[in-house]
Amino acid sequence: MNALADSAAVPVSGLRSPVRMHAGLLLVPAILIYAVLFVWPLLVSTRTSFAPHGHLSLETYTRFFEDEFYRSVLWRSMRISAVTTLATLIIGYPVAVFLSQNWRRGRSLVVFLVIAPMFVSAVVRSYGWIIILGPNGILSQMFHAIGLPVRHLLYTETGVIIALTHVFLPFMVISLVGSLQQIDPALPRAARSLGANGFSVFTRITLPLSLPGVTAGSVIVFCLAASGFVTPALVGGASVPVMPYLVYKEGLLVLNWPFASAVALILLVATALVTAVYTFFVREGSRRRRIVR
């Protein structure tokens with residue numbers, strides 16, 4: 001009886017600490033894999049970019065930012081990523097709204113059509129777009145039929161954006177569906193019962209409450225588009241050079257590892273800055289709307 005009384009007298013907080021410690025140990029394998037496969041190579045690349053000749057130097061970064069060609073490649077990569085993100089958001093939002101409504105018929109078919117591109121490798125999808133966007137492709141024949149002077153979109157920035165939008169659309173749709181499904185269906189119904197039209201319900205309820213999904217999907221698509229290599233290399237070729245193509249060219253073809261490391265680090269920093277600024281403004285806008293209301 002005394003032992004039972006002593007065990008009952010042990011505080012709950014004392015029992016929780018070992019549980020928390022054991023739960024924290026579950027993160028150790030993931031942390032080790034992350035450190036070995038990402039942090040350590042990043043540190044080595046950073047050191048290589050700042051010490052091209054064995055001593056500290058900004059030679060690689062000076063070469064990059066003094067050359068107009070390299071600056072234009074950086075700007076093109078950011079522009080293509082931003083337009084691709086906007087295109088996936090415009091196309092994917094209506095699809096996500098449809099999928100978030102469980103009573104809709106044909107949801108399984110739409111889900112399959114959205115996820116199906118992920119079952120095929122990026123190389124196969126890129127070669128498919130080469131056929132579609134080429135001089136004898138479907139789009140070229142359509143342009144010729146309606147009298148447009150466009151010959152083809154292969155090896156153009158527009159063609160790269162179209163292919164990237166197709167590749168990364170599922171990531172945007174999945175992020176949006178998860179956010180839209182968390183909205184209480186009673187809120188739009190209550191707004192309509194009070195006289196709000198469909199546009200007001202969307203702009204004042206659905207869109208603000210789905211902003212977390214919009215932000216998450218935009219960040220994912222932007223980062224993937226900025227770091228994509230296969231699709232821009234095959235669809236754009238040397239006519240549309242992007243930052244990952246520069247890393248490949250300088251690192252594996254020219255064997256200039258310090259400059260390739262500098263290009264990779266510049267791309268990482270630029271992508272992180274754009275996503276951080278975008279996330280900040282989205283959150284600040286949401287906070288100001290809550291204060292106004």
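The model is predicted, so to speak of local features a pLDDT of at least 70 is needed, side-chain atom pairs count only at pLDDT 80 or more, and totals for chains, interfaces and linings use all residues. Residues are numbered from 1 along each chain as its sequence is written, and side-chain values use heavy atoms, with hydrogens and water left out.

**Helices α9 and α12**

- Helix α9 (residues 157-180) packs against helix α12 (residues 211-227) at an angle of about 155°, with the axes 8 Å apart; helices are DSSP runs (H or I, at least four residues) numbered from the N terminus, and axes are lines fitted to C-alpha atoms over the stretch in contact, with angles from 0 to 180 degrees between N-to-C directions.
- The two are therefore roughly antiparallel, the term for angles over 145 degrees.
- On the α9 side, the contact (heavy atoms within 4.5 Å) includes Leu164, Phe168 and Met172, and on the α12 side it includes Pro212, Gly213 and Val221.
- By class, this contact has 12 nonpolar, 5 polar and no charged residues; Ala, Val, Leu, Ile, Met, Phe, Trp, Tyr, Cys and Pro count as nonpolar, Asp, Glu, Lys and Arg as charged, and the others, Gly among them, as polar.

**Helices α5 and α6**

- The axes of α5 and helix α6 (residues 107-115) come within 10 Å and cross at roughly 140°.
- Val95, Phe98 and Leu99 of α5 meet Arg107, Val110, Val111 and Val114 of α6.
- This contact has 6 nonpolar, no polar and 1 charged residues.

**Threonine 85**

- Threonine 85 sits in helix α5 (residues 68-100).
- With a relative accessible area of 9%, threonine 85 is buried, meaning under 20% with a 1.4 Å probe and protein chains only.
- Beyond its neighbours within four places in sequence, threonine 85 contacts Met172, Ser218, Val221 and Phe222.

**The nonpolar cores**

- A nonpolar core is a set of buried Ala, Val, Leu, Ile, Met, Phe, Trp, Tyr and Cys residues joined through side-chain atoms within 4.5 Å.
- The largest has 32 residues, of which Ile80, Leu176 and Val235 touch the most other members.
- Elements giving two or more residues to this core are α5, α7 (122-133), α9 and α12, and α9 gives the most, with 12 residues.
- Apart from this core lies another, of 17 residues, among them Tyr70, Met78, Ala262 and Val263.

Methods
Angles under 35 degrees count as roughly parallel, over 145 as roughly antiparallel, 65 to 115 as roughly perpendicular and the rest as oblique. Buried means under 20% relative accessible area, exposed over 50%, partly exposed in between (1.4 Å probe, protein chains only).
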